[in-house]
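I opened my notebook with the chain on screen. I wanted to go through the rings, the sheet and the loops.

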Amino acid sequence: MKFLSGWFSRAAPRPVVVVSGLPRSGTSMLMRMLDAGGIPPLTDHLRAADDDNPRGYYEFEPVKKLREGDTSWLPQAQGKAVKVISALLTYLPAGYVYRVL
């Protein structure tokens, strides 16, 4: 059983909960649901609510720079939910634990 001691002594990495989909596919609604369930959203509130999404978009502007290699925001996404459009999923780097919805 000594070999198991290392598994339990390390803190488990907090996953990045990735909410993904196409535009108008319900990602903002899913972000609201996760927030209500206790998973805080990573958002900057820059995109204002409008007629299409009267409760807001739950977006985080730096995510849009994934294609250019900007992943500097990922450490603050651990343990939170973040929206990533489906076209950018392949740019998420290894080294993090992701839960993609």
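**Aromatic pairs**

How many aromatic pairs does the count come to? I looked at a predicted model here, and I took ring centres within 6.5 Å as the rule for a pair. By this rule I noted 2 aromatic pairs.

I began with Phe-60 and Trp-73. Their ring centres lie 6.3 Å apart, and their planes stand at 65 degrees. Edge-to-face pairs need over 60 degrees, so this pair is edge-to-face. I then checked where the two residues sit. Phe-60 and Trp-73 both lie in the loop between helix 2 (27–36) and helix 3 (74–77). They are 13 residues apart in sequence, so the pair ties together parts with that spacing. Are they buried or exposed? I found Phe-60 buried and Trp-73 buried as well.

Next came Tyr-96 and Tyr-98. I noted 6.2 Å between the ring centres and 45 degrees between the planes, so this pair is tilted. I also looked up the cover of Tyr-96. Its relative accessible area is 25%, so I wrote it down as partly exposed.

Which ring does the charged end of Arg-47 sit over? I found that end over the ring of Tyr-57, 3.6 Å from the ring centre.

**The chain as a whole**

I stepped back to the secondary structure. I listed 3 helices and 3 strands. Along the sequence I read the pattern α-β-α-α-β-β.

Then I took the totals. The chain has 101 residues, and 30% of them are buried. Its accessible surface comes to about 6800 Å². Carbon and sulfur atoms hold 58% of that surface. I also checked contacts between residues at least 6 apart in sequence. Of these, 61% join residues at least 24 apart.

I followed strand 1 (residues 16–19) toward strand 2 and found a parallel pairing over 3 bridges. Val-17 stands opposite Ala-81 of strand 2. Val-19 stands opposite Lys-83, also in strand 2.

Strand 1 and strand 3 run parallel and are joined by 3 bridges. Val-16 has Tyr-98 in strand 3 as its bridge partner. This is the Tyr-98 whose ring I had paired with that of Tyr-96.

Which way do the valines of strand 1 point? I saw Val-16 and Val-18 point one way. Val-17 and Val-19 point the other way. I marked all four as buried.

**Loops**

I looked up Pro-13 in the loop between helix 1 (5–9) and strand 1. Its relative accessibility is 54%, so Pro-13 counts as exposed. I then checked Pro-13 against Val-97. They are 84 residues apart in sequence, yet 7.0 Å apart in space, C-alpha to C-alpha.

Last, I looked at phi. Most residues other than glycine have a negative phi. Which values did I find for Arg-24 and His-45? Phi of Arg-24 is near 65 degrees, a positive value, and this residue is not a glycine. Arg-24 is in the loop between strand 1 and helix 2. At 60% relative accessibility, I counted Arg-24 as exposed.

His-45 also has a positive phi, about 60 degrees, without being a glycine. I placed His-45 in the loop between helix 2 and helix 3.

Key
Residues are numbered from 1 along each chain as its sequence is written. This is a predicted model: local features need pLDDT of at least 70, side-chain atom pairs count only at pLDDT 80 or more; totals for chains, interfaces and linings use all residues. Side-chain values use heavy atoms; hydrogens and water are left out. Rings of Phe, Tyr and Trp (its six-membered ring) pair if their centres lie within 6.5 Å; planes under 30 degrees apart count as stacked, over 60 as edge-to-face and the rest as tilted. Helices (H or I, at least four residues) and strands (E, at least two) are DSSP runs, numbered from the N terminus. Buried means under 20% relative accessible area, exposed over 50%, partly exposed in between (1.4 Å probe, protein chains only). A charge sits over a ring if NZ of Lys or CZ of Arg is within 6 Å of the ring centre and within 35 degrees of the ring normal. Contact means heavy atoms within 4.5 Å. Accessible areas come from the Shrake-Rupley method with a 1.4 Å probe; for residues, only the protein chains shown count as cover. Two strands pair if DSSP finds at least two bridges between them.
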